[in-house]
Amino acid sequence: MYINNKSIYEREREQRKQEQLIQILRRRFKTYGYTKMKTQAFEEYDLYAKVNRSINLKKMIKVIDQTGNVLVLRPDMTLPMTRQIAQEFSELSHDIKYYYIEDVFRQSEIEQTPLGRTQAGVEYYGNPSEEADAEVIALAIHILKDLGFKDIKVEMGDAGFFKALTQNMNLNGLQFYELKQLIQAKNAVDIERFLDNISVKDEIKQIVKHMPFLYGKPEYVLNMIRELPLTEEMTHKIDYLYRLVDLLNMYGLKEHLIIDLGLINQMDYYSDVIFQGFVERVGEPVMMGGRYNQLAESFQADIPAIGFACFIDLLVAAAPIEELEDLLDVCVVYEKSQLEQSIQLANDLRQREYRVITTENQAQVDQIKAIFLVTLKEIGYELVFKGEDYQFKDRLTLLDFIDKQREGI
Amino acid sequence: MEYMTLALATGRIADQAMVFLEQAQIHFPDYQNHSRKLVMFDETKTIKAIFAKTADLTTYVEKGAADIGIVGKDTIIEDQPDVYELLDLGFGKCQLVVAGFPGATLYDGKPLTVASKYPRIAKKFFEEKGVQIDAIKLNGSVELAPLIGLSDVIVDIVETGTTLKQNGLVVLDHIADVSSRLIVNKASYATKTERIQQFIRQLKMVLE
């Protein structure tokens, strides 16, 4: 089970790319004023069993501590982050912006998938404004642009729209679940069949029937929406969504937006705008988020919030960022009697931020790819650089030479 | 323009799908020449068709290896893939049913052994009726199971009922109507919206 079958070199390359990618993300998060936050890896089982039931409990990894309490390895970040804030404040008089890069753990039905997956995301607490929403979505798109994706699409919907639609339909549990699935699948044919078998006001039926088609460029969808007999609450939601579109237009990002009123997130704590990001060559969302204004109430706090998470594994696999060559700078070859000399030289080089490997083993030298190859001689040093041989009598002239060549590279 | 990948289930459904696509003015010359290629392009080189086993088809589309797929509703109900299901193409019509010997009792609360290509559908259907079942997954000739005492009843698709009749079995209950559906990967729909919507309009013209 759970064994990664990739070769060690493949994983090394993947790791290098992941580090590069995370650096890009971290820098971008900071430019929008976010600071780093952590949470502990273990959470109380009850947090997920009682406070939020959106994640299937069966999918969580459970652990029992010494006293018999059941813990889970955190299956998401939003809930622990929110709890952490809510423990400290019952209300916020100022904004708090945190980013995180952490592993979350869920067991999938497919055995081979790893239990832990890295997520990088932000949570923006205390600001309920549409400007905050737009800024967070802009950041999400900005990141995908930083990573070099050409085809970036962000679908925007509203978690409250489906709720508003169904609240007067008097559906039983099964029917509610069925309609939710049909709308998520944009299955117009079966939605019609579903509606034939229930008694609901014609106005509502008309909206439900249109749900699969309320998808596309903002103007295109708006024209269709205008024809529909929306309730006041729905109109309010739509107006809000289109104010966000206008704001994102100010960021110059409108071309990336898709309105999807049939968008329903499986996490049921979302209260208003929800969104998910897609890029070329990835068959699933690479990023998801939304506003969750009521979640903190579970912890007796009143803190509006919005956030999103990027799925790092998917981005690492697909991001067209250029792989940096990962060569060592200097390889120092010595004999046992020259150990002290080699340590001094390595020290000096490391002090100057070079990446250094020292080896006594002549046979290993061929395996190591380094820009400079230094061999300690009885007197002085021999250096191989770009296929040329150089001799140096003392350490300082050698270091100066390396410095000078390095500048040129 | 970037091409679109269309996954088709090998066998009868692929033949019917090709007839349908022909009517929508989408032509695959290789297919008409009875090629056995697993990958082929249409005349305009904008659609790449791939042929996969029915059991793998929803996986191809869900994971984005194909942008769109044509597959029976039975497979969709069984696999529950996270995809869009945008059209009922109307062909490949049949019924998903419970079948067994005439007079077999289904819902008297006794647990049943059910053989099926669709163990999940069987479980869910009987669960809703309050009957516990032991589902046996078979990959073909499901009718055999009750005949040799492997199961009490079967859950399977039935088109004309001839196979059932010849083996002395009858339809005991109806689960769902089945027809071929067009499914679409959610990411593809976002990144290739216009191309896919245009394709759907083309197919819809045949349906109207």
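Hi everyone, let me start at the interface: between chain B and chain A there are 11 residue pairs in polar contact, counting pairs with both residues at pLDDT 80 or more. As that cut-off hints, what you see above is a predicted model, so please hear everything today as computed from it.

Which elements of chain B give two or more residues to the side that touches chain A? They are strand 5 (84–88), helix 8 (186–191) and helix 9 (193–207) of chain B. Helix 8 of chain B provides the largest share of that side, with five residues.

Now the charges. Chain B and chain A have four salt bridges between them.

For the overall extent, 22 residues of chain B are in contact with 24 residues of chain A. The two chains bury about 1,700 Å² between them, and 47% of it is on carbon and sulfur atoms. On the chain B side, Y84(B), A190(B) and T191(B) lose the most area to chain A, together 27% of what that side buries.

Let's move on to the rings. How many aromatic pairs does the structure hold over all chains? The count is 19. Take F275(A) and F308(A): their ring centres are 6.2 Å apart and their planes sit at 65°, so this pair is edge-to-face. It also ties together distant parts of the chain, since F275(A) belongs to strand 10 (residues 273–278) of chain A and F308(A) to strand 12 (residues 305–311) of chain A, 33 residues apart. Both F275(A) and F308(A) are buried.

Over in chain B, Y31(B) and F51(B) make a stacked pair, 5.6 Å centre to centre with 15° between the planes. Here, too, distant parts of the chain are linked: Y31(B) is in helix 2 (residues 29–32) of chain B, F51(B) is in strand 3 (residues 47–52) of chain B, and they are 20 residues apart.

Last stop, charges over rings. K97(A) lies over the face of Y124(A), 4.9 Å from the ring centre. In chain B, the charged end of K129(B) sits over the ring of Y107(B), at 5.4 Å from its centre. Thanks, everyone!

Methods
Residues numbered from 1 in each chain as written. Chains lettered and ligands numbered in written order. Predicted model: local features only at pLDDT ≥ 70, side-chain atom pairs only at ≥ 80, totals over all residues. Heavy atoms only, no water. Phe/Tyr/Trp six-rings, centres within 6.5 Å; stacked < 30°, edge-to-face > 60°. Helix = DSSP H or I, 4+ residues; strand = E, 2+ residues; numbered from the N terminus. Buried < 20%, exposed > 50% of the residue type's maximum accessible area, 1.4 Å probe, protein only. Lys NZ or Arg CZ within 6 Å of the ring centre and 35° of its normal. Contact = heavy atoms within 4.5 Å. Buried area = accessible area lost by both parts, 1.4 Å probe. Salt bridge = Lys/Arg side-chain N within 4 Å of Asp/Glu carboxyl O. Polar contact = N/O pair within 3.5 Å; in protein donor to acceptor, adjacent residues only side chain to side chain.
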